[in-house]
Amino acid sequence: MTNVGNVPPTAAAPRGRRAGNRWGCLVVLCVSLLIVTLDNTILNVALPTLVQELDATTTQLQWIVDAYALVFAGLMLVSGSSADRFGRRRVFVAGLTVFGAASAWAAYSGSVDTLIAARAAMGVGAAMMMPATLSIITDVFREPSERRRAIGVWAATSGLGIAIGPVAGGLLLEHFWWGSVFWVNIPVALAGLVGVLLLVPESRNPAALRPDPVGSVLSVAALGLLLWAIIEAPVRGWTSGLVLGAGGVGLAVLVCFVFWERTSTHPMLNLGFFRERRFSVATASVSLAMFGLFGALFVLTQYLQFGLGYTALETGVRILPVAGLLALVAPLSPVLVRWAGTKAVVGTGLVVVAGGLWQLSTAEASSAYGDVLGGMMLLGLGAGLVVPAALDSLMGTLPIGDTGVGSATNGVSVQLGGALGVAVIGSLLTTRYQDRMRPRLAPHRLPQDVSDDVLGSLGGALSLAERVGGTAGRMLAEVARSSFVSGMGLGLVVGSTVAAAGALLAFSALPSRTSRR
């Protein structure tokens, strides 16, 4: 196992070029990163439209979101090591190209299955881009205080993507077809390619180990099986042999992944990093915060449109408090770390996330937007505190030569936490929703396909209620909305519990101060 303290530093870019263009380089990287974060929030606003246009069920919506996150997380580590070995700018350019092409494919997907495949392809491109951005930033900004400011700007860009996404998605959906939410990525990708070639220096680690495709395949297989079990459980039954078998095999493959990484001469993830609490606890903190944030956005966009009756654009505007506070607080987080310490900022941020999720879980079918606004603001505030502070702690443990894999590990924690949040919170919602709806539907002996539509999503139930009309239609709509909100509350309570557990972990195990390498 490679000792993290003995890895040779990356090959230095020419000092004049780094000094002259480092802030221009940061702008190019952040603008390119924008489409990766923009994509998630644009898609969230479009989920109810996909229910109406593609007849997608809630389970299929989870796969549309998580196919991207699964491939993103599974390939990011091997992409990070490949970037260290073959050149960070080179890998970033390849990823930006793949992401743009896959966005065009997604825009013209004619079915749910095709869209899921296109989303997975977008995950490939994103996995190549994300670790390269942070590793290039860490290479270019060598002075610790400048690096903290640069990372704060990077994190704020993620918040900006969340902010722009819902409104941009709402505007596009109001004037164009649903595929336009993916087309928006293409001009940004083209502009990013030009900027990267002009302003971003190439860098690599001359002592980097060769890529680890076996580890990548094992990680994708393990995560895929575990997510499949969680997402499909409400449909097939939580005690279904197929669900339990897939979950068990996923855990077994995960054990094989750990064994392989421990014994491989060229692991894509040096497990020795996790012996350092600043690295392991920071990674866990980011993942647990994203569990709540991504899971909440998945259910809230459906609640605002199907539950409260807002249009896609109106929903986008009402999601802004989450993104606005995240973007506002993220650059301030490193300042708070210098004043109060990493432990206090990360732990407090997770407490705030937990409080926001708890408040959101109290929403009822009769609630108004004002009843959930406070929880949404707490969610954005907490995430804005956690991510930059934890990321600075994580990156501060690594020698420059391993920043590609280190930043990839951070990206994995974001995507894995988000994917699990969507899977768990979404599956709990679906389970509660179906448990509440089945007894109400049983006396009516609906045709199987109609029953499946009603049980598959709130949108399906509301469509039937509109066709039925009259008192019966109103009653069906009321029961469906009440069942959905009950399931949403259950999922968000679990999300709040997970975030609170993360806060306890941060307060008990995360060092207060981060020594710099």
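Buried means under 20% relative accessible area, exposed means over 50%, and partly exposed lies in between, with a 1.4 Å probe and protein chains only. By that cut-off, 62% of the 517 residues of this chain count as buried.

Some ground rules. This is a predicted model: local features need pLDDT of at least 70, side-chain atom pairs count only at pLDDT 80 or more, and totals for chains, interfaces and linings use all residues. Numbering runs from 1 along each chain as its sequence is written, and side-chain values use heavy atoms, with hydrogens and water left out.

Overall fold. The chain has 18 helices and 0 strands. These are DSSP runs numbered from the N terminus: H or I of at least four residues for helices, E of at least two for strands. The radius of gyration is 22 Å, close to the 24 Å of the globule rule for 517 residues, so the chain is as compact as a globular protein of that length. That radius is taken over C-alpha atoms, and the rule is 2.2 Å times the number of residues to the power 0.38. Along its principal axes, the C-alpha trace spans about 75 × 45 × 45 Å.

Next, contacts. A contact means heavy atoms within 4.5 Å. Take the contacts with a separation of 6 or more: 84% of them join residues 24 or more positions apart.

Here is one spot to look at. G161 sits in helix 5, residues 144-175. Buried or exposed? G161 is buried, at 0% relative accessibility. Which residues does G161 touch, leaving aside those up to four places away in sequence? They are L34, T37, L38 and T41. T37 is 124 residues from G161 along the chain, yet their C-alpha atoms are separated by 5.1 Å.

Surface and charge. The chain exposes about 18700 Å², and carbon and sulfur atoms supply 66% of that. Areas come from the Shrake-Rupley method with a 1.4 Å probe; for residues, only the protein chains shown count as cover. There are 34 positive and 26 negative charges, and their mean positions are 12 Å apart. Lys and Arg count as positive, Asp and Glu as negative; His and the chain ends are not counted. Each charge is placed at NZ of Lys, CZ of Arg, CG of Asp or CD of Glu.

Last, cysteines. How many disulfides does a search of the whole structure find? It finds 0. A disulfide needs a pair of cysteine sulfur atoms within 2.5 Å. For C25, the closest cysteine sulfur is in C30, at 9.1 Å, too far for a bond. C25 is buried, with a relative accessible area of 2%. C30 also counts as buried, at 6%.
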